[in-house]
Amino acid sequence: MPMWAFETEPGYQAQLDWADEFVRTQVEPLDLTQGSPFDPSNRRVRDYVRVLQDEVRAQGLWACHLGPELGGQGYGQMRLALLNEVIGRSVWAPLVFGCQAPDSGNAEILARFGTAEQKKRFLEPLLNGQVCSTYAMTEPHAGADPTLFTTTAVRDGDWWVINGEKWFATNARYAAFLIVMCVTDPDADAPHRRMSMFLVPAGTPGVELVRSVGVGTDKPGEGTHGYLRFHDVRVASDAMLGEQGAAFAVAQTRLGGGRIHHAMRTISQVRAALDAMCERAVARTTRGGSLADLGVVQQQVADSWTEIEQFRLLVLRTAWLIDKHQDYRKVRGDIAAVKALMPGVFSRVVQRAMHLHGALGVSEEMPFVEWMGRAEVLGIADGPTEVHQQTLARVLLRSYEAPEGIWPSAHIPTRREAALTALEGLLDPEVTGA
């Protein structure tokens, strides 16, 4: 008899337990004392991170999203989701575990679509932690809608010449190379065949970092999201990733699984907000009792826990479906549902926790304001929430057809008539009312 099991196999659970303790004791202190994980200027920190990375490798948990031929474990999305739930507590942990964005997605692209030369030049140093990269897709005037992109790559003999602008390219200020989506065939009949992907080394003449943009409370100039301008940037013909016109297929390699990983990492952060809320509730007294005694606080705690657990189960189910089908297209609606739900759950729980802490909650001495900013970013990154809601709706609606005749299929008189016909001759007339 088939059974459902909501548990992890003991061997992998032991690895997750090790990762949990390791992140708490060895990695999280970096969050409180250091700046960006991608800043290469602090050599002492970089040396310490390499020591931590070696410990992760020894545990068999390094770059688990990649196959053994690239030094990873080739784990499916279920295992990756559970690991990312642990890693998500720390800003530095993804770097320590070799799965930091955007490098993890860029590595997957290179592993699948890169030539032998491209892998040697770009992928190997990326996997060895020697460099970081950026993914330049969105544009200032178009956001994440590729059909509106205007950055072009035009063939000129053995070269491609790139012109245009890209917006919010994460870690552009630190990146050794960029993966850039460009329009190569604007007249193609199918919109998804108009663009191609290119590898552009940092420092290529004509690549300009206009400015580094921050999020929320980041100080001007300290952000890590690049506003890039490309002016007659020349790259060799072998700089293309995959085939010409295949940018959409290349992009989906990094986006599908990445959305699940972001969601699982979000769970660990929103759980931290719930922990802070509950701790505050039992510690703070008012009018002769604790906040935990107030019905409104109890309701907020219960709502928060329920939302987190519902969201986690949706994420795990979606990861399981990806592993089952091995085709992101078949799980497109489920991934869209995860992406659409994620920022709302995060925002609501954090807001409750922040409110319960009063003035302390909105101060820089607590993480809530930063977390609220992250929630809003999650509602925009990899496509805005509304786009994913539309995607889910279209997937669902395709499985429905209009009923025959003028009445809905739930119309009770019509259903009763059909039921009587189906039961005719099977029951006594007194039972059917005939």
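Visitor: Leaving aside its neighbours within four places in sequence, which residues is Arg-284 in contact with?
Guide: Arg-284 is in contact with Gly-289, Ser-290 and Leu-291. Keep in mind that this is a predicted model.

Visitor: Where is Arg-284 found?
Guide: Arg-284 sits in the loop between H7 and strand S9, residues 285-286.

Visitor: How far apart are Arg-284 and Asp-327 in space?
Guide: They are 50 Å apart, C-alpha to C-alpha. In sequence, 43 residues separate Arg-284 and Asp-327.

Visitor: Back to H7. Which residues does Thr-266 touch?
Guide: Thr-266 lies in helix H7, which covers residues 247-283. Not counting residues up to four places away in sequence, Thr-266 touches Met-342, Phe-346 and Leu-378.

Visitor: Why does Thr-266 count as buried?
Guide: Its relative accessibility is 4%. The cut-off for buried is under 20%, so Thr-266 counts as buried.

Visitor: New topic: salt bridges. How many does the count come to?
Guide: The count comes to 18 salt bridges. Side chains of opposite charge can pair when their charged atoms come close.

Visitor: Which residue meets Glu-85 in a salt bridge?
Guide: Arg-271 does, at 2.6 Å, N to O. Glu-85 lies in helix H3, residues 77-87, and Arg-271 in helix H7, so the pair ties together parts that are 186 residues apart in sequence.

Visitor: And is Glu-85 buried or exposed?
Guide: Glu-85 is buried, with a relative accessible area of 11%.

Visitor: What about strands? Which residue does Arg-229 meet in a salt bridge?
Guide: The side chain of Arg-229 meets that of Glu-165, at 2.8 Å, N to O. Arg-229 is in strand S7, residues 225-236, and Glu-165 is in strand S3, residues 159-170, so the pair ties together parts that are 64 residues apart in sequence.

Visitor: One more pair. Where are Glu-307 and Arg-348?
Guide: Their side chains meet in a salt bridge of 2.7 Å, N to O. Glu-307 is in helix H8, residues 295-325, and Arg-348 is in helix H9, residues 332-356. The pair links distant parts of the chain, 41 residues apart. Glu-307 counts as buried at 14% relative accessibility, while Arg-348 counts as partly exposed at 36%.

Visitor: Which residues do salt bridges that share partners join into one network?
Guide: Asp-20, Arg-24, Glu-28 and Arg-89.

Visitor: Okay, helix packing. At what angle do the axes of H1 and H2 cross?
Guide: At roughly 175 degrees. H1 covers residues 10-33 and H2 covers residues 43-58, and their axes come within 12 Å. Angles over 145 degrees count as roughly antiparallel, so H1 and H2 are roughly antiparallel to each other.

Visitor: Which residues make the contact?
Guide: From H1, the contact uses Trp-18, Phe-22, Gln-26, Val-27 and Leu-30. From H2, it uses Tyr-48, Val-49, Leu-52, Glu-55 and Val-56. By class, the contact has 8 nonpolar, 1 polar and 1 charged residues.

Visitor: On to H6. Which residues are buried there?
Guide: H6 covers residues 116-127, and its buried residues are Gln-118, Phe-122, Leu-123, Pro-125, Leu-126 and Leu-127.

Visitor: What do the buried residues of H6 pack against?
Guide: Helices H2 and H5 (103-113), plus strands S1 (133-136), S4 (177-183), S5 (195-201) and S8 (240-241).

Visitor: And what follows H6?
Guide: Gly-129 does, and its phi is positive, near 75 degrees.

Notes
Residues are numbered from 1 along each chain as its sequence is written. This is a predicted model: local features need pLDDT of at least 70, side-chain atom pairs count only at pLDDT 80 or more; totals for chains, interfaces and linings use all residues. Side-chain values use heavy atoms; hydrogens and water are left out. Axes are lines fitted to C-alpha atoms, for helices over the stretch in contact, and angles run from 0 to 180 degrees between N-to-C directions. Helices (H or I, at least four residues) and strands (E, at least two) are DSSP runs, numbered from the N terminus. Angles under 35 degrees count as roughly parallel, over 145 as roughly antiparallel, 65 to 115 as roughly perpendicular and the rest as oblique. Contact means heavy atoms within 4.5 Å. Ala, Val, Leu, Ile, Met, Phe, Trp, Tyr, Cys and Pro count as nonpolar, Asp, Glu, Lys and Arg as charged, and the others, Gly among them, as polar. Buried means under 20% relative accessible area, exposed over 50%, partly exposed in between (1.4 Å probe, protein chains only). A salt bridge is a side-chain nitrogen of Lys or Arg within 4 Å of a carboxyl oxygen of Asp or Glu.
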